[in-house]
Amino acid sequence: MTRRLLEGSEAVAEAMVAAGCRFFAGYPMTPFTEVLEHMARLLPEYGGTCINAESELEAVGMAWGAAATGTRSATGSTGQGLSLMQESLSELVSAHVPLLVLNMARAQGDYFQATRGGGHGDYRMPVLAPKDAAEAVDLMRPAFELADRWRTPVLMFGDYYLAHTAQSVDVPDVVDPPPPGDWALDGSTGGSGHAKLLSPLGDHKRRDDVGYDLQEHYRRVARGVQEMTEGIEPMWEELGTEDAEVVVMAWGTPGRYVRAAVRELRERGRKVGFLRPVTLYPFPDAAVQQAAKNARLVAVYENNQGQMTDDVRLALEGRVPVRFIGGLSLDHSGFGIAPDLEVATLVQRIEEVLPA
């Protein structure tokens, strides 16, 4: 492991390669583009392949094909590009194919897309939301391991700040990819009458005169999603919630600024706490309930119109009032540079909801 000063996109790319990713496909779209460029530079050195696809539709299809062979694979885009990938992502869940997916988002308007999904069927996939490049690097290997363990796509949610801010990070040493699982398609069973199958319609070959009976497959998919949801330990960051009258929640990059605002208010003697979910799915319900058990209010800051607020309310089940104190904040580019992300502004937002 070496400590280096890297732009976030380069740090994320190096962490993917270090974790054993050997195939990457994507289509350039700011602020995701630089991740694709760095993967194109890095992967050939380790025997991997990076493809600049014709569109996000082709990118996710290429990544699906590579992942189906047991190769650690990844793709990504911004939220706009991921909209084009939603059908494939939902079917990857039903086909039990592991894949890492990056969203270098513009602001935080893609929370519903990430945690609810826009594809078809009854599916969910794990979502990790690092606050900066250093945390993204730390989470990269666990993200691939979650994908492999549960044979599912895993979404890592970044943004313009994470992608384009230089930061000192600990880059792990490169490891060899794990061997393919026994489910992987290597061509050895073709023509045997017992060919392996990775399909959203089922996991085994069916005789032509029988057709498809999908109910049991869909039930297995549902059971798998439930077991995954219950089996993944949610992650979160917490500060000063023991005595908090108001707990402030935020996720991703804004969490860094909100944490600083909470720390400043605590230094002034105000009973304010902070909680940042790192796993957006599964959501850390129990941690939210524990943090807010003595609170009079939970305030939620997001750079959108209030999306995580729904999950906070669901977690608390009416025990504590929840108030949204965020709002969409962008510059003229629309890439997610938020004028409101300064500590003084956030302190004022929090003070407006503090008890007199």
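Select Glu 317 to start. In this predicted model, Glu 317 sits in the loop between helix H11 (308–316) and strand E16 (322–324). Check its backbone: phi is positive, about 50°, although the residue is not a glycine. Is Glu 317 buried or exposed? It is exposed, with a relative accessible area of 58%.

Now pick Ala 107. You are in the loop between E5 and helix H5 (111–116). Most residues other than glycine have a negative phi, and most peptide bonds are trans. Ala 107 has 8% relative accessibility, so it counts as buried; the cut-off is under 20%.

**Two cis bonds**

Next, select Thr 30 and Pro 31. The peptide bond between them is cis, with omega near 5°. Pro 31 belongs to the loop between E2 and helix H2 (33–42).

Then jump to Tyr 281 and Pro 282. A cis peptide bond joins this pair as well, and omega is about -5°. Pro 282 lies in the loop between strand E14 (279–281) and helix H10 (285–291).

**The sheet**

Stay with E14 and switch to cartoon view. Seven strands form an open sheet, in the order E3-E2-E4-E5-E7-E6-E14, with mixed pairing. Which strands are at the edges? They are strand E3 (49–52) and E14, each pairing on one side only. Strands of a sheet pair through backbone hydrogen bonds, either parallel or antiparallel.

Strand E6 (residues 127–128) pairs with E14 in the antiparallel sense, over two bridges. Select Leu 128 and look across: Thr 279 in E14 stands opposite.

Move along to E4, residues 73–77. Strand E2 (residues 23–26) pairs with E4 in the parallel sense over four bridges.

Show the side chains of E4. In a regular strand the side chains alternate between the two faces of the sheet. Ser 73, Thr 75 and Ser 77 are on one side, while Ala 74 and Gly 76 are on the other. Both faces are covered, and these residues are all buried. With five of its five residues buried, E4 is therefore largely enclosed by the rest of the structure.

H6 lies across E4, E5, E6 and strand E7 (153–159). Its direction is at about 160° to E7.

**A helix pair**

Finish with helix H3 (residues 56–68) and helix H4 (residues 79–95). Two packed helices are described by the angle between their axes and the distance between the axes. For H3 and H4 the angle is about 25°, and the axes are 8 Å apart. The two helices are therefore roughly parallel to each other; angles under 35 degrees count as such. H3 passes H4 in a right-handed crossing.

Select the contact residues as two groups:

- From H3: Glu 56, Leu 57, Ala 59, Val 60 and Trp 64.
- From H4: Gly 81, Leu 84, Met 85, Ser 88, Leu 89, Glu 91, Leu 92 and Ala 95.

Color them by class. What is the make-up of the contact of H3 with H4 by class? There are nine nonpolar, two polar and two charged residues.

Conventions
Residues are numbered from 1 along each chain as its sequence is written. This is a predicted model: local features need pLDDT of at least 70, side-chain atom pairs count only at pLDDT 80 or more; totals for chains, interfaces and linings use all residues. Side-chain values use heavy atoms; hydrogens and water are left out. Axes are lines fitted to C-alpha atoms, for helices over the stretch in contact, and angles run from 0 to 180 degrees between N-to-C directions. Angles under 35 degrees count as roughly parallel, over 145 as roughly antiparallel, 65 to 115 as roughly perpendicular and the rest as oblique. A crossing is left-handed if the near helix is turned anticlockwise from the far one by less than a right angle, and right-handed if clockwise. Contact means heavy atoms within 4.5 Å. Ala, Val, Leu, Ile, Met, Phe, Trp, Tyr, Cys and Pro count as nonpolar, Asp, Glu, Lys and Arg as charged, and the others, Gly among them, as polar. Buried means under 20% relative accessible area, exposed over 50%, partly exposed in between (1.4 Å probe, protein chains only). Two strands pair if DSSP finds at least two bridges between them.
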